[in-house]
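Hello,

Here is the structure I promised to pass on. Please load it, then read my notes below.

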Amino acid sequence: MTCAEILVNGVAAHCDPLGALYLPDLSCLVVSDLHLEKGAAFARRGMMLPPYDTLATLNLLSAVIARYDPKTVISLGDNFHDRRGSELMPAPFRENIGTLARGRDWIWINGNHDPDGTFDLPGQSMDEMLLSGLIFRHEPSLIAGRGEVAGHLHPSATVARRGKYVRRACFATDGVRLVMPAFGVLTGGLDLKHRAMHGLFDHAALIAHLLGRDRIYSVRFGNLIG
């Protein structure tokens, strides 16, 4: 795997192709928008999706934790797809998370899908967390953006490559703030040029770090399609 090495408000970070952010000086791994139990949430509403999303997402999470062995894991909200997902999650998945969290500090940031925190899982739930000049929260703020690491928007970007258009989830950062890609396997993406992104970044400095199969592709905002 080839990561992109970046700075966010002066703090070194590695953008991993699986969609996780690693802060080596803090031994901290950050993921966002896991949307665990999304298939189960849809099933409760009578809409059937393949029931394998939680297992697939936890397998990816296990892979990045094994790669970096962080002391701290921060999950940036929408950890579960709805308010009941944490409580109703099957025991094997709950045990899986317990194994991943063993010996680590685990922080669940509350999101708009799961504002009440988690149920009977290791770690702490909170609305936001300040760490070494970075502020970790679910939704980006137009008021206070310096040092912000947020999720919620599921950024993606499109580039032209070998005569074809390629769209990928991406990390989006101008060096001042960073918006994370969604980590959950059933999550969609919102184009970085969508109006919901307006006002968040200095476009002259904005770079989209697109997720590839085994590497990150870093593209300046002005070179994106759309």
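Where is threonine 158 found? Threonine 158 is in strand S11, residues 155-161. A caution before going on: this is a predicted model. Threonine 158 counts as buried because its relative accessibility is 12%, under the 20% limit. Leaving out residues up to four places away in sequence, threonine 158 touches Tyr165, Val166, Arg167, Asp191, Leu224 and Ile225.

Next, the cores. The largest nonpolar core has 23 residues. Leu21, Val30, Ile74 and Val149 touch the most other members. Elements giving two or more residues to this core include strand S1 (4-8), strand S2 (11-15) and strand S6 (105-109). Another core, of 22 residues, lies apart from it; Ala20, Leu58, Leu61 and Ile65 are among its members. Back to valine 149: beyond its neighbours within four places in sequence, its contacts include Val8, Leu21, Val30, Leu178 and Met180.

Now the rings. There are three aromatic pairs. Tyrosine 22 and tyrosine 68 are stacked, 4.5 Å centre to centre, with 20 degrees between the planes. Tyrosine 22 is in strand S3 and tyrosine 68 in helix H2 (residues 53-68), 46 residues apart. Both tyrosines are buried. Phenylalanine 80 and tryptophan 108 form a tilted pair, at 6.3 Å and 40 degrees. Phenylalanine 80 lies in the loop between strand S5 and helix H3, and tryptophan 108 in strand S6, so this pair ties together parts 28 residues apart in sequence. Phe80, Trp106 and Trp108 form one aromatic cluster.

Last, charges over rings. Lysine 193 lies over the face of phenylalanine 221, 5.2 Å from the ring centre. The charged end of arginine 215 sits over the ring of tyrosine 217, at 4.2 Å from its centre.

Best wishes

Methods. Residues numbered from 1 in each chain as written. Predicted model: local features only at pLDDT ≥ 70, side-chain atom pairs only at ≥ 80, totals over all residues. Heavy atoms only, no water. Core = buried A, V, L, I, M, F, W, Y, C linked by side-chain atoms within 4.5 Å. Buried < 20%, exposed > 50% of the residue type's maximum accessible area, 1.4 Å probe, protein only. Helix = DSSP H or I, 4+ residues; strand = E, 2+ residues; numbered from the N terminus. Contact = heavy atoms within 4.5 Å. Phe/Tyr/Trp six-rings, centres within 6.5 Å; stacked < 30°, edge-to-face > 60°. Lys NZ or Arg CZ within 6 Å of the ring centre and 35° of its normal.
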